[in-house]
Number of protein chains: 2
Amino acid sequence: MEHIGRYSFREYLKVVEGFHGSQAPGLILGGIMVDYALSRIEPGILFDSICETAACLPDAIQLLTPCTIGNGWLKVIDLGLFALSLYDKHRGEGLRVFVDPAKLRDWNEISDWLYKLKSKKEQDKDRLLAQMEQAGRSVLSLRPIKIKPQYLGRTGKGAIADCPQCGEPYPIRDGALCLACQGKSPYMGK
Amino acid sequence: MEHIGRYSFREYLKVVEGFHGSQAPGLILGGIMVDYALSRIEPGILFDSICETAACLPDAIQLLTPCTIGNGWLKVIDLGLFALSLYDKHRGEGLRVFVDPAKLRDWNEISDWLYKLKSKKEQDKDRLLAQMEQAGRSVLSLRPIKIKPQYLGRTGKGAIADCPQCGEPYPIRDGALCLACQGKSPYMGK
């Protein structure tokens, strides 16, 4: 693996550390996955992305594609699977990249990491990252996908008004009170 | 507003455009909000973040703090409110910053944007961003918060095994099959 997106492998490690806080293995293999998907997607299309785990992988997508959580082009649908898809944001057709268990036989460190067979303490991180670099796309598979219609397109928030209880602006389609005042606040007392 | 985090206001506009794809107003006001929160949080504590909307604001948090979606230090709890909190990741105590409707009276462009009174076409974006820069923290309020215990700490995925149906590694606590094979896949056909 010489390049990940527009970075050299070494540059990518630095970019990951700057954004994510550490050279997490999930972002390294994740970067190779995103790079693979980008190399196969139809050039020039506007794509959205789905990430099938909340752990690590979303950051590889945010670093290497135009898709972020805040711009809505990346959706995290946490199925606990180490996989992602890129797809035409209008037609919903695209591809899914995932780690293929059948291809992991020669890569014990990657396998031990993915199946959590070693604690972080037991893990030899240098060896693990080296195996990821050497293995590159050889441990991945790719298949075409089509997104279910309900995941396509974006719905706006609709009209906004002040919540009659807390006074903050909220989408009135949420009801007579904002969701926080309806009991969904993550804070004590409100 | 001279600075946003470690950036000048102008530098921040560029950083936003590079990550988010455009100088979205929500990231500009969002940056001022994150900067305000950072200036008031107890120095040296390890903090996590909650973002109360999925639109735009999560990216300001990801650009200006160590918290990202992929590292788990940022949670998006979409209440439709333009607000965020930073809090001690162990004790759950921290502060919440929000746009305060009572303070918006002199800032018609910000108000029209927040309440969606103008279409994007009608919006004068230069004037809007200029008002945000001039208003700075004067349109914000801040209050102490304490996180409900269920939102504190992190739970690991637990043991991993291959799904007997699709063959991919999944957290066995999810059941006899992975969540995708249980019908939660966003793709047609699986």
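**Close-up views of a predicted model**

**View 1. Helices H1(A) and H2(A) pack at an angle of about 125°.** In this predicted model, H1 covers residues 9-20 of chain A and H2 covers residues 25-40 of chain A. Their axes lie 10 Å apart. H1(A) passes H2(A) in a right-handed crossing.

**View 2. Residues in the contact of H1(A) with H2(A).** From H1(A) come Phe9(A), Tyr12(A), Leu13(A), Val16(A) and His20(A). H2(A) answers with Leu27(A), Ile28(A), Gly31(A) and Ile32(A). By class, 7 of the contact residues are nonpolar and 2 are polar. No charged residues take part in this contact.

**View 3. The second largest pocket, with a volume of about 600 Å³.** Its lining counts 27 residues. Nearest the centre of the pocket lie Phe19(A) and Leu63(A) from chain A, with Val15(B), Phe19(B) and Leu63(B) from chain B. By class, the lining divides into 13 nonpolar, 10 polar and 4 charged residues.

**View 4. Helices of chains A and B in the lining of the second largest pocket.** Chain A contributes through H1 and H3 (57-64). Chain B contributes through H1 (9-20) and H3 (57-64). Each of these helices supplies at least two residues of the lining. Which helix gives the most to the lining? H1(A) does, with 6 residues.

Key
Residues numbered from 1 in each chain as written. Chains lettered and ligands numbered in written order. Predicted model: local features only at pLDDT ≥ 70, side-chain atom pairs only at ≥ 80, totals over all residues. Heavy atoms only, no water. Axes fitted to C-alpha atoms, helices over the stretch in contact; angles between N-to-C directions. Helix = DSSP H or I, 4+ residues; strand = E, 2+ residues; numbered from the N terminus. Left-handed = near helix turned anticlockwise from the far one by under 90°. Contact = heavy atoms within 4.5 Å. Nonpolar A, V, L, I, M, F, W, Y, C, P; charged D, E, K, R; others polar. 1 Å grid on protein atoms, 1.4 Å probe; cavity = no way out; pocket = protein on both sides within 12 Å on 5 of 7 lines; lining within 4 Å. Points joined across faces, edges and corners; volume = space filled by probe spheres on them.
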